[in-house]
Number of protein chains: 2
Amino acid sequence: MQTTPSSINQHLPVPRSSTKTRSLLIPNNQKIAVKSEHHHPAKSNGAATATRRLAESLSGLLRVHIETPLRKELHQIDWSCLDHSDRTTPTSSPKEDISEKWCELHGLTDWDNLLDPLHPWLRREIIKYGEFSQATYDAFDFDSFSEYCGSCRYNPKRFFEKLGLGKNGYVMSKYIYAMSHIDMPRWLQRSNLVEETWSKDSNWMGFVAVSNGEESRRIGRRDIVVAWRGTVAPSEWYEDLQRKLEPIGDGDVRVEHGFLSIYTSKCDTTRYNKSSASEQVMKEVRRLVSFYRERGEEVSLTITGHSLGGALGLLNAYEAASSLPGLPISVISFGAPRVGNVAFREKLQQMGVKTLRVVVKQDVVPKMPGLMLNEGLERFDDFTGPLEWVYTHVGAELRLDVSSSPYLKRGLDLLGFHSQETYLHLVDGFLSSASTFRSDARRDIALVNKACGLLVDELRIPHCWYQLANKGLVLNSYGRWVKPKRDPEDIPSPSREAPSHQQVFGEVPTSNYEGTEGSTPFFQFSMDSISLYI
Amino acid sequence: MQTTPSSINQHLPVPRSSTKTRSLLIPNNQKIAVKSEHHHPAKSNGAATATRRLAESLSGLLRVHIETPLRKELHQIDWSCLDHSDRTTPTSSPKEDISEKWCELHGLTDWDNLLDPLHPWLRREIIKYGEFSQATYDAFDFDSFSEYCGSCRYNPKRFFEKLGLGKNGYVMSKYIYAMSHIDMPRWLQRSNLVEETWSKDSNWMGFVAVSNGEESRRIGRRDIVVAWRGTVAPSEWYEDLQRKLEPIGDGDVRVEHGFLSIYTSKCDTTRYNKSSASEQVMKEVRRLVSFYRERGEEVSLTITGHSLGGALGLLNAYEAASSLPGLPISVISFGAPRVGNVAFREKLQQMGVKTLRVVVKQDVVPKMPGLMLNEGLERFDDFTGPLEWVYTHVGAELRLDVSSSPYLKRGLDLLGFHSQETYLHLVDGFLSSASTFRSDARRDIALVNKACGLLVDELRIPHCWYQLANKGLVLNSYGRWVKPKRDPEDIPSPSREAPSHQQVFGEVPTSNYEGTEGSTPFFQFSMDSISLYI
C-alpha cells in the first residue's frame, strides 16, 4: 500500500488545466529549504487567507512533483445514474450490529481483507470517526476578533447536538486544550485582542467522548473516542516544521518536535494548560477505562484526527499503549503527516497499536515531513532506519483517489485534496481500488465544499460555504450591528468539575479532573533551546 | 474643490505600513497601458476574489502615485470621547423639516456655503441617497452558482423593508435592468449556469422610487429617486475601460463608451432588456413626473449611485434634463469616475443639472479614466477642451479624507477607500475641511466593514462581514444541504404590470410599463464595431 517510486515519478497529462506539474527529484541527502513567510500578518478572512497562503507556500513546495488526477470529460458522466436528489436522506453505510466483528473492524488483524474491497461496516465506522474529527473544525472559533478565538463555540453538553452528530451515539466527556512553547505562529490560533481574551496561550484541541448504551451494544464494547483537531491550511505549518526529530525517552524512538511540543507543553500561569494536552487526555482516558472496566465492560480506545490532528493522535496512542497495557487501541487518521522514525513505528507495532491511515493519493500532507525524500527511502528501512532524520509512516493504509469521484474537479487543488470532508466523501464512495465510485453512496455531497471548492460546478454548490451569517454580527435592539455575547454556558472556562453528564445522560461518570493538578509527564521533553516548565 | 497638482504630488510618509507609495508621472500624451487579466476565470467567492483582483490589477495601476493618509498613533485616540456603545440607536443628522430650504439642499445654488462646513440637513440628505445606492449592492445576488445570479434578491414590494430602509420614507416604483453589447466580463455579473438562469444577458441595475406623503411633506416636494448599482471591485473594470469617448449625437458631447453601452444596450430576444436601461428609467420617470404634476405637486428628480452607478447616473441626468425641461434634477454620486468631455460638462451645466460628487481623497476611482493625466490638465480646459480624449469631472465636490476618521486604518487599502459604506461613514463624520471628525456622529460604525476591512482592529468588527449563513445553503428536512428555492414573489420576472403599489401604499401610481414596448432611443449609439440592435 506504500507509495512506490514509480507512481511518484509518473507524469500524468493534465489537459485543460492551467496548472503545470513540476518534477524535481531532490537528492536523498539534501534538505528541503522552504522559504519562510512567517512575518506577514493575517489580514483578511480565514478561508481566503488560508487559500492564498497555501498557494504562496506551495509555490515553494511544488519544486517536488505533485500528482494531479487525470481529467475526465465531465459531460461524459451520466449524472442520472447517481441518486443525489434533494429528496433523499443522507446516510452512510448501513448501521448494522457489528458486535461480533468489532475486534477485526477495530484493527485486531490489521484490517486484513477489509480494506480492498472496503467492508461496508468498516466504511461506516471510518466515517463515524471522521465526522468526529471534522466536528473539531466545525465547532472551532477562528474569529481573530473574538475574545473567544481559539476556543470551541459550544458547550460540551450541546456539542454533538449542535453539530448534528447525535445520531453517532456518543456522549461528550472532556475537552482537551493545548499550547506550545515553540513559536509556531500558524499552528495555534490567536486572538488579535490583547486583553479580555479567554486564553492567551491555549487552543481548544479536541475532545474525549464515550459511546452511549445503545451504540455500545451495537459495536460490541464501550468505545472511548479521542478526536484531535488539525489545522485548516496545512501549508501554514509546513513552513514551521523544522524537520527535527526529538527523542521521547524511549530508546531510539524519536518524533517530530513540533507535534511533540503541542502534545506536551504546559505552563502553570495559564488557565487551560496547567496540565498539558497529553496529561489532560490521558487522565480522562484512564478514568473512563477504570470506570467501565470496574463495571465489567469491554472497553476500546479509538483515536482520530485529520492532518496535525492525526499526528497528535499517534502520539496519544503511543502514550496510551504504554500506560494502559491490554487496552485495544486504534488510530484512524485522515491525511496525517509522518510523525516519527522507524523505531517509533516499531515500538507502536510492538505495543499493539493499530493504525489505519486514510490517505488521498493527491494530498501532499501525508508526504510531510520530508516529502519525496522519505518516499524514495522507505523501501530501504533496514538501511536508513538508524538515521534520526528519516520519518516513516505506520500501520495500514486506505488509499483514496480524487479522480475516482465523478463529483470532484480534476484540476490541482491542494486545499481541496487535503480537506477532511473530501476524505469522507471519497471513503463513502470507495468500493475497491479496482471499482468505480459507489453508485449508491448516500453521504451528502454538498459537504465537500464546506471549506474548499472541489465539487464540480455542475452541482451548483458554492465554494467554502460553511460560514456564519454576517460573521456572527447581529442587529441589536438599538439597530446597531454588534458581536453578541456568548451564552454563559458556551463561554469557555477551566472547570474544576467536568460537566455533569451523569445527570444528563446517566452513563458517563463525572470527571474529577482539576486543571491545576499535575502528573508525571510521560514524554521526557528534551529540547535544549526552550524551557518547558517556565 | 478640484484636486490640485500640488496635493497630487505631495509625498506623505507612511510609517508602519509595508505598502510603498510610488510616484511616476505619466507624460501627458502617453496612454496608460494596463495589463489585461481578463482571461483567468473567477474561482472562489466574491469578496475574496474581488480583493485579490484588486491587488493584482492595481499592481499595474500603482505606477501612478497613490496618496495614503498620514498614520496617527492609534493609542493617542481618546476612544472614550466617542460615544458608539452598543446601547445607542444609530442615527444620521436630525430629521428636520427642510421643506422651506429644499431647493438649496437639492443644489439650486450649487450647494454654495452648504458643503464646508457641511450643513447638517444636507448631511442627512446625502446619507439618505447614499443608503439607496448602498442598497443596490446589499440586495444584489452575486452567487455565480445561483440561477438568479445578477438579479435582486428581493421583491420590489419588500425591498426597503428587507434592507431596513423603511425609515427613509420612499416607496419602490420600478426595477431597472441593463445589459451591454460590449464584452466587459467584469462589469456585469454572470451566472455560471448555462441553462435555467433567469437571464443570460441582463443584470438588475437599480431602481426608481418615490417619496411617500410624510417624507414629501418633510422635504417640501415629491422626490423621485433613481439609484444605480455600481461594481464591487472597481479594478475589474479599469481594465475594461477603453478610454474611448463616443459622441452621443449632441454636438461635441462625448462620453465613455463602456458606460454608454450599459445605459443604452437592448436586444429584442432578451427577457429583461427589450428596452434599454435608459428607456426603462426614462419611461418610469416621465410617468411619475406627469402623474404628480397633474396632481399639482412640485416634483424633483434625484439620481444617485456609487462608482459605475455614479457614471450611469450622470448619463441618466443628462437624458432626463434634455427630455424633461423645468424638472429640478440633481445627481449625488459617490466615488464616481469621469464620464464625458468638457462639452458634456458644459451641456449639463447649461441644462441646469446639479451634481454633487462625494469623493474620498484617497479613492482612485474618481481619478478614472485618465488618472493623473486629466488631473494635471483640468486647469487648462480652454486649451484641452476640444480634444476628444480628455475626460472631465462635473459639478460640486464634497471632499472627504480617510485620515479624518479615528475609526479607520491608515494603511493603503484601495478597496476600503472606495467602499460606499466608507463614504457614508466619512460623510457622517464630516463637519468641515478644517475640523476633526464629528464627535456626535451616530451612524453605525460597524457598517464600514461590510465589504472591506478598513475599521481599526480595536473595534473588533470582522472584515467583509456582510454574508449569508452558509452562503444561502440550508439543511432540508431530509438532512441534505441544498440551495432553497426562492419565494415565488422574489423570483425575478419581467412583469407587464408593475407591482401594484397603489393598492399597497395608496400613493404611487401603477406603472403600465411593458418590457416589449420600444421608444426612440435618446442617445444615438455610434459605435461601428458592434451591432446595437441585433
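Tutor: Rings of Phe, Tyr and Trp pair if their centres lie within 6.5 Å, with the six-membered ring used for Trp. Keep in mind that this model is predicted.

Student: Which residues of chain A do ring pairs link into a cluster?

Tutor: The cluster holds Y129(A), F132(A), F159(A), F160(A), Y170(A), Y175(A), W204(A) and F207(A). Over all chains, the count by this rule comes to 42 aromatic pairs. One of them joins F159(A) and F160(A).

Student: What makes F159(A) and F160(A) an aromatic pair, and why is the pair called edge-to-face?

Tutor: Take the distance, then the angle. The ring centres are 5.4 Å apart, and the limit is 6.5 Å, so the rings pair. Over 60 degrees counts as edge-to-face, so the label follows. Both F159(A) and F160(A) are buried.

Student: Now the helices. Why are α10(A) and α11(A) called oblique to each other?

Tutor: Helix α10 of chain A covers residues 308–323, and helix α11 of chain A covers residues 342–351. They pack at an angle of about 45°. Roughly parallel needs an angle under 35 degrees, and roughly perpendicular runs from 65 to 115, so an angle between those ranges is oblique. α10(A) and α11(A) are therefore oblique. Their axes lie 10 Å apart, and the crossing of α10(A) and α11(A) is left-handed.

Student: Which residues make the contact of α10(A) with α11(A)?

Tutor: From α10(A) come L314(A), L315(A), Y318(A), A321(A) and S322(A). From α11(A) come F344(A), K347(A), L348(A) and M351(A). By class, the contact of α10(A) with α11(A) has seven nonpolar residues, one polar and one charged.

Student: What angle do α10 and α11 of chain B make?

Tutor: About 45°, with their axes 10 Å apart. That makes α10(B) oblique to α11(B). The crossing of α10(B) and α11(B) is left-handed.

Student: How do you know whether S307(A) is buried or exposed?

Tutor: Its relative accessible area is 0%. Buried means under 20%, so the value falls in that class. S307(A) is buried.

Student: And what class does R460(A) fall in?

Tutor: The relative accessible area of R460(A) is 24%. Buried stops at 20% and exposed starts over 50%, so a value in between is partly exposed. R460(A) is therefore partly exposed. Phi of R460(A) is near 60°, also positive in a residue other than glycine. R460(A) lies in the loop between α15 (420–429) and β10 (474–475) of chain A.

Student: In chain B, what makes F430(B) count as buried?

Tutor: Its relative accessible area is 10%. The cut-off is 20%, so F430(B) is buried. F430(B) is in the loop between α15 (420–429) and β10 (474–475) of chain B. Leaving out residues up to four places away in sequence, F430(B) touches L115(B), D116(B), L118(B), R123(B), L398(B), R399(B) and L400(B).

Student: What is omega of the peptide bond from D116(B) to P117(B)?

Tutor: Near 5°, and the bond is cis. Most peptide bonds are trans. P117(B) lies in the loop between α3 (102–105) and α4 (120–138) of chain B. In chain A, the bond from D116(A) to P117(A) is cis, with omega near 5°.

Methods:
Residues numbered from 1 in each chain as written. Chains lettered and ligands numbered in written order. Predicted model: local features only at pLDDT ≥ 70, side-chain atom pairs only at ≥ 80, totals over all residues. Heavy atoms only, no water. Axes fitted to C-alpha atoms, helices over the stretch in contact; angles between N-to-C directions. Helix = DSSP H or I, 4+ residues; strand = E, 2+ residues; numbered from the N terminus. Parallel < 35°, antiparallel > 145°, perpendicular 65-115°, else oblique. Left-handed = near helix turned anticlockwise from the far one by under 90°. Contact = heavy atoms within 4.5 Å. Nonpolar A, V, L, I, M, F, W, Y, C, P; charged D, E, K, R; others polar. Buried < 20%, exposed > 50% of the residue type's maximum accessible area, 1.4 Å probe, protein only. Phe/Tyr/Trp six-rings, centres within 6.5 Å; stacked < 30°, edge-to-face > 60°.
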